[in-house]
Amino acid sequence: MQLSKDLSTIILDHGSGGLLSQDLVTNIIVPRLGKRYLGKMEDSAVFKLKESTIAMTTDSFVIDPIFFGNGNIGKISICGTVNDLAVSGAKPLYLTLAMVIEEGFPLSDLKKILEAITETAKEAGVYIVAGDTKVVRKGEVDKIFINTSGVGVFTQDSTKLTMSSVKEGDDIIVTGQIGNHSIHILSMREGLGYEQKVLSDCAPLNKMIDKVLKKHANNIHYMRDLTRGGLGSALNEISTAINKGIEIKLYEIPIQQETQMAADMLGVNPIYLANEGTLVIFCSPDVANDVIAVLKADKYGKKSSVVGKVKRTKDNKVISVNNEGEIKLIDHLYGQELPRLC
């Protein structure tokens, strides 16, 4: 018996563990995950892995608004976890899906989120193997929060990418226009009017990463997805960890004109703005041009550019150079530029 067809919103009894809970999972959630769901409705997922080394990650998603111009919280929850696995050099395989839903949340919105999860998981080639759903009283959570955990594997020819592998002289590549996700979300939230021209870059990047590693695994030293804190925070964290300087050419960093305009209006530096489908890659300089060619052949890497180099700088800091030769320090970000972007 399908009970949810008579309801238009989530009610507290959907989280009771009784008939409505079973109905929510069996008749609303699982059918929309379709072939992307491999779970058995048991307390744990059991699966075999031929590989002896795995990567594992977890992330929670609280984005506001939950629906945006070219995605929603469901899409971003899959992209975030898939990308975290892929940048380590692992092949993402299995994800868990946990949702905390507010009483009164429209079932029609939940269905849209689940459909986005399914579509994105299919594009990335990953499967949902286990999950959990909790319903809380109105006001105890803002609409819906999602947690996804992921498992990826390292095959025999996989390259494990770690910060310690970054070398002095490495070229630094950014694979897309920075700041678009932040500006898109903020524009929607605050009514700035940029959201039609500046879309989120949210995307699963594992297949693009795989293309690069298949051709240049021995010369790719590290990757990082540029989420919270953006390019500036990632570079500072890497520079500190390896105790080496980094120089970035500001005029080589890909950025959409409207994103720059919005950042200037808001008084924020786009180098610290969050992305959800953009990477920074550290590679040997002799393969950088070919890596760019591979990236540009992929729909998510068409704006790729070499933006800097690992080199000796004063006190091994991260510095930027503009087109007039002016040098500035790119310091650690204190606090956060913008809240609840993922």
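Residues are called buried under 20% relative accessible area, exposed over 50% and partly exposed in between, with a 1.4 Å probe and protein chains only. By that scale Asp-315 is exposed, because its relative accessible area is 60%. The structure described here is a predicted model, in which local features need pLDDT of at least 70 and side-chain atom pairs count only at pLDDT 80 or more, while totals for chains, interfaces and linings use all residues. Residues are numbered from 1 along each chain as its sequence is written, and side-chain values use heavy atoms, with hydrogens and water left out. Helices (H or I, at least four residues) and strands (E, at least two) are DSSP runs, numbered from the N terminus.

We turn to the strands, where pairing requires that DSSP finds at least two bridges between two strands. Strand E4 (residues 91–102) has strand E6 (residues 144–153) as an antiparallel partner, with 10 bridges between them; Ile-101 has Ile-144 of E6 as its bridge partner. E4 also runs parallel to strand E5 (residues 127–136), to which nine bridges join it, and Thr-96 stands opposite Ala-130 of E5. Together with helix H3 (residues 107–124), E4 and E5 make a right-handed β-α-β unit. Right-handed is used here for a crossover whose path, from the first strand over the helix to the second, runs clockwise when the strands point away from the viewer.

Another set of pairings involves strand E10 (residues 279–283). Five of its five residues are buried. The cover extends to both faces of E10, with Leu-279, Ile-281 and Cys-283 on one side and Val-280 and Phe-282 on the other. E10 pairs in the antiparallel sense with strand E7 (residues 171–174) over four bridges, and Phe-282 of E10 stands opposite Ile-172. Strand E8 (residues 220–225) is likewise an antiparallel partner of E10, over five bridges; here Asp-225 stands opposite Leu-279.

Ser-320 counts as buried because its relative accessibility is 5%. Contact, meaning heavy atoms within 4.5 Å, links Ser-320 to Ile-248, Leu-250, Glu-326, Ile-327, Lys-328 and Ile-330, once neighbours within four places in sequence are left aside.

The next site is a charged side chain in a loop. Asp-201 sits between helix H4 (180–190) and helix H5 (206–216). Lys and Arg are counted as positive and Asp and Glu as negative, whereas His and the chain ends are not counted. A salt bridge is a side-chain nitrogen of Lys or Arg within 4 Å of a carboxyl oxygen of Asp or Glu. Asp-201 is buried yet has no salt bridge, and the nearest side chain of opposite charge, Lys-75, is 9.1 Å away. A polar atom of the Asp-201 side chain does lie 3.1 Å from the backbone nitrogen of Gly-277. Residues touched by Asp-201, not counting those up to four places away in sequence, include Gln-177, His-181, Asn-275 and Thr-278.

Elsewhere, the structure holds 12 salt bridges. One of these joins the side chains of Lys-299 and Glu-123, at 3.7 Å from N to O. This pair links distant parts of the chain, 176 residues apart, with Lys-299 in the loop between helix H8 (288–296) and E11 and Glu-123 in helix H3. Lys-299 is exposed, with a relative accessible area of 59%, and Glu-123 is partly exposed, at 30%. In the salt bridge of Asp-132 with Lys-134, the closest N and O atoms are 2.7 Å apart. Asp-132 has a relative accessible area of 37% and is partly exposed, as is Lys-134 at 43%. Arg-137 and Glu-140 form a salt bridge as well, with the closest N and O atoms 2.8 Å apart.

Some backbone details complete the picture. Most residues other than glycine have a negative phi, and most peptide bonds are trans. Met-41, in the loop between helix H1 (19–33) and E1, has a positive phi near 60°. Asp-315 also has a positive phi near 60°, and its place is in the loop between strand E11 (305–310) and E12. The peptide bond joining Asp-64 and Pro-65 is cis, with omega about 5°; Pro-65 is found in the loop between strand E1 (54–61) and strand E2 (67–68).

Technical notes:
Polar contact = N/O pair within 3.5 Å; in protein donor to acceptor, adjacent residues only side chain to side chain.
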